[in-house]
Amino acid sequence: MNKSLREYAITIGLLTATLTLAFFPIIFNGRTILPSDLIDTMTLPFSQYFGPQHAYNSFITDGYLQFYPLKYLTQQAYQHGYFAFWNPYILNGYPQYLEGMWTYNFILFLTINVAFNLILLLPLLVAGIGFYALLREYSVRVGVARIFATAYMLNALFVTNLLAHFIPASFSFAPFVLLFLHRYDRNPKFKFLAAASLALALGFLAGNLQTIGFLVFLTACYWISLWLLRSPRSLGFLLRPIMIVLGFATGLSAIMLLPLLELFRETTSGGAFFSTSLLRSYDVLQRIESIGLAFTFFIPQLAGSIRGVTLHQAIGVYAQDFEGAIGFSPLLLAMWASFALWKKKPEIRPFVILMIAGLALPIATPLFRFIYHRFFIIFILGSCGVGALGLETILSSDEWHVSLRKWVKRFAFGLGGIVVVLSAFSILRAIDFPVIENFARTHLLPRLQLAVFAEGNAGWVRERFAEAIDYWRLTRPELIVGIAISFLGLAVFWWIDRFNKNLLQIAIWVITAVQLMLFVRLWMPMLDTTKYPLYPATPETRMLEASSKNTRVYFYREIDTSKQFAFMNNENVMYGIPEAT
């Protein structure tokens, strides 16, 4: 076998095995990734047949209520030969194809049980392969490229937005766009611009209007950064390639973009936006607090339990969007390299600029209400690039070991401080737990009682409250493992001189993969469908389906703290019930 083909075959096998281990219960044990425990136990009419009230992760309801019904209806349409179809179950009909996310829809020709899991996991694999190819283009050695391909493939924002699909699906093609732009910069041939355009168009078609904007920014920012490194520079070489790539990508994806823009125009002129960010403010204090919250990018478990209350909720940001984890070791390398190598390694600068922009635009500008913290995906991509080039530099020369050790020492003190705080809290729990419980009842319980799905779910509120006050102790397994893995990563970097270079790369990869797989397992429900069935039939759903053949159903959802929500939006698609709510 050709050496290059063998290299890529091994890499694809490694990435596939990593994904398989991370999602093993979904792939082989028949578990579901959808939050059926929340819908079946906490909304009517289903909750009267299932109990007790329960929700492993209440942040991912859109996957159950919107994404799965959308893909189910798309598959049904494909089976009947309709490829641009109308959803007859919402309002008086809705142009379902305007939702976008087309690129991976070819998988929907399989059965829905197989297709749904595959349509979630395939973008992750494509993202990993693409990032590996991008790093190899930068002459990064195989082992380093595999570490950061894994980090990008299983980054926290991909995982938390996996059910919503558009972030991982659209940004699975981002590395290919940068790859071909980099090749064009080194060898200005039109074929590289054509390949970049195709990759960008696939990214457009895989996402929505928001991720299209993200990809346009990424492409322009990266190309401008490459251009600034050139000498001499010409305005034509700056504008012509980027106009060709963006123009061709827009034309190739126009089949989705044109009706999408039409829908956007109709919404702005006579409809209404229900974007959570457009309807809420993000004040200066929250922005300042969110900067401090960025330490959770290194050890996500320090944000708190998703079954209780997270630090995200304390400052009013969305836990599923405020994520930037790529593994403790890769992110440490990225932070170090951003400062240490800016002047001496100019090729690192485009990725550093992406890191800065990815953090600064959602936190420090008014653009948050349009881009949300999902824009951190730009920071994540930049971090993976900077970290990989930084590790390659360390492996190529011993002169950087002293500089890296200074950062390792600082991070060790930081981790030590976290251990001290958790130890003190654990001791306080043991000595005078009522003090903590009373404080939590005063400041935490009221917030839980106003949370989404808290209405009529007193049992769930009590469960979350107990989980929250139980979490912050040093003996908590999630915290122990997260901190221990991070200390192990620091130890590897501290004694970097003692490691064989191949062994060093293997150690960093194992530490990174384990930490990211742990995050997957802690975030995803992975539920037993015999206990929490998907979209169960009830006497009420059968009655509504039978009696609404020539009519539409209006669901009256009364906001009453003593009652549960009734039949959430978009569930009707799964039952064939036309809705007029």
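Predicted model: local features only at pLDDT ≥ 70, side-chain atom pairs only at ≥ 80, totals over all residues.
Residues are numbered from 1 along each chain as its sequence is written, and side-chain values use heavy atoms, without hydrogens or water. Local features need pLDDT of at least 70 and side-chain atom pairs count only at pLDDT 80 or more, while totals for chains, interfaces and linings use all residues.

**Stop 1: the helix pair**

Select residues 401–443, helix α20, and residues 458–471, helix α22. Helices here are DSSP runs of H or I, at least four residues, numbered from the N terminus. The two axes come within 11 Å and cross at roughly 135°; axes are lines fitted to C-alpha atoms over the stretch in contact, with angles from 0 to 180 degrees between N-to-C directions.

Now show side chains. On α20, pick Arg-429, Phe-433, Glu-437, Ala-440 and Arg-441; on α22, pick Phe-465, Ile-469 and Asp-470. These residues make the contact (heavy atoms within 4.5 Å).

**Stop 2: the largest cavity**

The whole structure has three cavities of 30 Å³ or more. A cavity is a set of points on a 1 Å grid over the protein atoms alone where a 1.4 Å probe fits but cannot get out; lining residues have an atom within 4 Å of a point. To find the largest cavity, centre on Pro-300, Gly-304, Ile-306, Phe-519 and Leu-522, which lie nearest its centre among 17 lining residues. About 220 Å³ of space lies there, as filled by probe spheres set on the points.

Finally, select residues 501–523, helix α24, which gives the largest share of this lining, three residues.

Conventions: Helix = DSSP H or I, 4+ residues; strand = E, 2+ residues; numbered from the N terminus. 1 Å grid on protein atoms, 1.4 Å probe; cavity = no way out; pocket = protein on both sides within 12 Å on 5 of 7 lines; lining within 4 Å.
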